[in-house]
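Here are my notes for a colleague who is new to this entry. Please read them with the model open beside you.

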Amino acid sequence: MEFSASDYEFMARALRLAKKGLYTAHPNPRVGCVMVKDGQIVGEGWHEYTGGPHAEINALQQAGDKARGAMVYVTLEPCCHDGRTPPCTEALIKAGVAKVIAAMVDPHSRVAGNGLEQLKAAGIEVASGLLEAQAEALNPGFIKRMRFGRPFVRSKLAMGLDGRTAMASGESKWITSEAARLDVQRLRARSSAILTGVGTVLADDPSMTVRSEDVRIQPIRVVVDTHLSMPIGAKMLKEPGETYVFTCSDNAGRSELEAAGTKVVSMPFCATNVDLESVLDQLGEMEINEVLVETGATLSGGFLQAGLIDELVIYVAPVLMGDSARALFRLPGLETMEQKIELDIIDRRMVGQDMRITAKVIRK
């Protein structure tokens with residue numbers, strides 16, 4: 001189907017509305033909706049938080065009686081099943097809208113085209129595919145979880161121009177500028193979980209929180225800890241929000257950690273280390289859409305070599321740290337150029353005095 005210039009304009013508006021839910025909608029998708037009648041917007045809305053009205057319902061409430069005969073532009077196919085809220089398809093049919101254009105079909109197995117079919121069966125004209133790539137880019141975690149049962153994994157790293165992340169002593173504060181560190185807070189805020197290794201906890205004692213008064217719910221904190229070395233006095237255990245420790249051990253420290261409110265998860269397939277694929281499977285079952293990995297070279301390298309990283313966000317500071325400083329990844333076994341890991345750089349921009357590089361891992 002061909003779309004008009006005004007179709008693109010109104011869907012672009014719906015996408016901007018959807019982005020307002022970037023930090024608040026998970027585990028639900030970020031969705032925006034615009035209703036148009038006689039070329040004028042009569043209602044609009046976005047999905048603000050889980051359990052609250054969907055984008056279409058907010059737009060219908062704003063449109064009122066003007067929704068009858070209106071065109072609806074929505075960034076994701078309207079839901080057609082009862083979940084935390086009633087189906088949006090029923091509300092659209094009852095309101096008497098004339099046409100619904102969805103940017104993309106919902107990958108949820110209970111929708112997956114059925115929402116559009118239900119509208120079509122009620123006599124409403126439907127179409128999809130308008131600015132589809134932009135709509136997908138808003139919800140990488142929701143889409144991956146619906147299709148594969150696992151969250152989208154984004155690894156955040158900071159390094160000097162010579163690819164080093166810390167001095168040989170372990171000192172690393174601060175490689176990057178304040179502007180870059182603020183940018184990282186936005187990455188944290190859009191994530192459902194922040195993941196690190198126990199080595200980072202022991203070395204740096206991070207809080208692993210979003211440092212903003214505007215955040216509604218803190219991402220859960222996930223610690224990969226094979227031998228259950230998590231200290232009971234760790235700073236993150238005193239922070240608001242939940243902490244999960246994934247371990248292969250069942251030592252005496254478990255009951256103390258659980259008494260402090262930590263959720264300790266015993267993992268399967270523990271020959272030597274926590275199985276990272278199993279961690280992601282469990283996080284998918286917990287409705288975690290996006291995971292931000294903030295950890296050292298060993299665990300980051302483990303995720304990378306296992307093919308589990310979807311996106312790298314690397315902040316490059318204009319400093320040199322020397323050849324004895326610590327590397328970005330620990331990647332044992334890479335000995336020939338044929339074994340190199342290739343990246344597709346999809347964005348690069350300056351953040352303060354640092355460069356932020358966003359890259360996808362090329363799967364061979």
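1. Glu290 and Arg190 form a salt bridge, with their closest N and O atoms 2.9 Å apart. (A salt bridge here is a side-chain nitrogen of Lys or Arg within 4 Å of a carboxyl oxygen of Asp or Glu.) Glu290 lies in strand S12 and Arg190 in helix H7 (residues 178-190), so the pair ties together parts that are 100 residues apart in sequence. Helices (H or I, at least four residues) and strands (E, at least two) are DSSP runs, numbered from the N terminus.

2. A word on the source. This is a predicted model, in which local features need pLDDT of at least 70 and side-chain atom pairs count only at pLDDT 80 or more, while totals for chains, interfaces and linings use all residues. Residues are numbered from 1 along each chain as its sequence is written, and side-chain values use heavy atoms, with hydrogens and water left out.

3. Are Glu290 and Arg190 buried or exposed? Glu290 is buried, with a relative accessible area of 1%. Arg190 also counts as buried, at 15% relative accessibility. (Buried means under 20% relative accessible area, exposed over 50%, and partly exposed in between, with a 1.4 Å probe and protein chains only.)

4. Glu290 has another partner. The side chains of Glu290 and Arg154 meet in a salt bridge of 2.9 Å, N to O. Arg154 sits in strand S6 and Glu290 in strand S12, so this pair joins parts that are 136 residues apart in sequence. Arg154 is buried, with a relative accessible area of 3%.

5. Arg154 also bridges to Glu311, with the closest N and O atoms 2.7 Å apart. This pair links distant parts of the chain: Arg154 is in strand S6, Glu311 is in strand S13, and they are 157 residues apart. Glu311 counts as buried at 10% relative accessibility.

6. Which residues make up the network? Salt bridges that share partners join Arg30, Arg154, Arg190, Glu290, Glu311 and Lys360 into one network. The count of salt bridges comes to 18.

7. Strand S6 (residues 152-160) has eight of its nine residues buried, so S6 is largely enclosed by the rest of the structure. S6 pairs with strand S12 (residues 290-293) in the parallel sense, over four bridges. Here Phe152 stands opposite Glu290. S6 also pairs in the parallel sense with strand S13 (residues 311-317), over seven bridges. There Lys156 stands opposite Val313. (Two strands pair if DSSP finds at least two bridges between them.)

8. Next, an open sheet. Its five strands have the order S2-S1-S3-S4-S5, with mixed pairing. Strand S2 (40-46) and strand S5 (125-128) are the edge strands, each pairing on one side only. Neighbouring strands of this sheet are turned by 15° against each other on average, direction ignored. Strand S3 (residues 71-74) and strand S4 (residues 99-102) run parallel and are joined by four bridges. Val72 stands opposite Val100 in S4.

9. What packs on this sheet? Helix H2 (residues 55-63) does, touching strand S1 (32-37), S2 and S3. The direction of H2 makes about 140° with that of S2. (Axes are lines fitted to C-alpha atoms, for helices over the stretch in contact; angles run from 0 to 180 degrees between N-to-C directions.) In H2, the buried residues are Ala55, Glu56, Asn58, Ala59, Leu60 and Ala63. Their cover includes S1, S2, S3 and helix H3 (88-95). Contact means heavy atoms within 4.5 Å. Just after H2, Gly64 takes a positive phi of about 60°.

10. Two loops deserve a look. Gly123 lies in the loop between helix H4 (114-121) and S5. Gly123 is exposed, with a relative accessible area of 65%. The C-alpha atoms of Gly123 and Val105 are separated by 19 Å, and the two residues are 18 residues apart along the chain. Leu334 is found in the loop between strand S14 (326-327) and strand S15 (343-351). At 36% relative accessibility, Leu334 counts as partly exposed.
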